[in-house]
Amino acid sequence: MQEGICRMNDAHKIVEQVYAAKEDVRAADDLIRAYLPFIKAETAKFLKRPPIEGQDDELSIAMMAFHEAIGGYSRTRGSFLKYAAMLIRSRLVDYSRREQRHSRVLSLDAPIGEEDATLGETLADDREPHEETALRDATRAEIEELTRQMQEFGVSLSDVADNCPKQQRTLDACRRALEYAKGNPELLEDLLKTKRLPIGQLATGSGVERKTLERHRKYMVALLLIYTNGYEIIRGHLKQVMKGVAVR
């Protein structure tokens, strides 16, 4: 009996803390710190091992999900911790799926072609071991630089994977827009200057419908950026790793 009363008091106390945290950023931070063991435990359930602070992005995702739970909680949802655990699990699953798609967009280990060879293996053909290593390092450097540059536009590699056209006719339309931009470098300069895709000019010049370009904006941003900063290796192999778009 006494134990049940204590649990009810604890649950009531958590709800009070959550509602206070909704109105006070500092209170929210304090609540996250107080329940960090709980957040780590939920992350460990997902990873099947204890998370490592500073190394596992999943722990950061879980902490953000806990903060999201504070903002989205109401008494009608029942137990706050059960709600928070559900949200943490959901966000970790979403993150894992994005990372899996991400790894297949511009990854040296992504299978390509009918033989399931990887980009790294393709790059290594007919090269000495030291040349292979140097080329892999150079390719990784290009990918890292492209990732950094895309972040300035609010675009990530996983966004590009999600935003890739699924139909051949849409791929062809994006290719036409890309070819038009390559022939009109002022559009690329405008992209870099404004950090916005010049959709109107691309649509008018290439004959591609504006709504098609708007629907695949993040995909087009990535393609156009590759022609602004000397991504020679990525250009040469983009056809193999980005859903068959011909980039020459």
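Two residues are in contact here when heavy atoms of each lie within 4.5 Å. The model is a predicted one: local features need pLDDT of at least 70, side-chain atom pairs count only at pLDDT 80 or more, and totals for chains, interfaces and linings use all residues. Residues are numbered from 1 along each chain as its sequence is written, and side-chain values use heavy atoms, with hydrogens and water left out.

**The whole chain**

The chain has 14 helices and 2 strands. Both kinds of element are DSSP runs, numbered from the N terminus: helices are H or I with at least four residues, strands are E with at least two. The chain holds 248 residues, and 42% of them count as buried. Buried means under 20% relative accessible area, exposed means over 50%, and partly exposed lies in between (1.4 Å probe, protein chains only). Take the contacts in the chain with a separation of 6 or more: residues 24 or more positions apart account for 60% of them.

**Two residues to look at**

Find Thr43 in helix α3, residues 36–47. Is Thr43 buried or exposed? Thr43 counts as buried because its relative accessibility is 0%. Leave out residues up to four places away in sequence, and Thr43 touches Pro51, Glu58, Leu59, Ala62 and Leu92.

Now turn to Gln17, in helix α1, residues 2–23. Gln17 has 29% relative accessibility, so it counts as partly exposed. Setting aside neighbours within four places in sequence, Gln17 is in contact with Leu31 and Tyr35. Gln17 and Leu31 are 14 residues apart in sequence, and their C-alpha atoms are 7.3 Å apart in space.

**Helix α2 and its two sides**

Leu31 leads us to α2, residues 25–34, where Ala27, Ala28, Leu31 and Ile32 are buried. These four cover an arc of only 140° around the axis, so they sit on the same side of α2. The arc is taken from the directions that run from the helix axis to the C-beta atoms. What does the other face carry? Turned away from the buried side are the exposed residues Arg26, Arg33 and Ala34. At the start of α2, a side-chain oxygen of Asp24 comes to within 2.9 Å of the backbone nitrogen of Arg26.

**How helices pack**

Axes are lines fitted to C-alpha atoms over the stretch in contact, and angles run from 0 to 180 degrees between N-to-C directions.

| Helix pair | Angle | Axis distance |
|---|---|---|
| α2 and α4 (residues 57–72) | about 130° | 10 Å |
| α2 and α3 | about 60° | 4 Å |
| α9 (residues 168–182) and α11 (residues 199–206) | roughly 100° | within 9 Å |

Angles under 35 degrees count as roughly parallel, over 145 as roughly antiparallel, 65 to 115 as roughly perpendicular and the rest as oblique.

Start with α2 and α4, which pack at about 130°. That angle makes α2 oblique to α4. Ala28, Leu31 and Ile32 of α2 make the contact with Met63, Phe66, His67 and Ile70 of α4. Ala28, Leu31 and Ile32 are also among the buried residues of α2.

Next come α2 and α3, packed at about 60°. These two are therefore oblique to each other. On the α2 side, the contact is made by Ile32, Arg33 and Ala34; on the α3 side, by Leu36, Pro37 and Ile39.

Last, α9 and α11 cross at roughly 100°. That makes α9 roughly perpendicular to α11. Arg176, Ala177, Tyr180 and Ala181 of α9 meet Gln201, Leu202, Gly205 and Ser206 of α11.

Definitions and conventions. A polar contact is a pair of N or O atoms within 3.5 Å; within protein, one must be able to donate a hydrogen and the other to accept it, and residues adjacent in sequence count only if both atoms are side-chain atoms.
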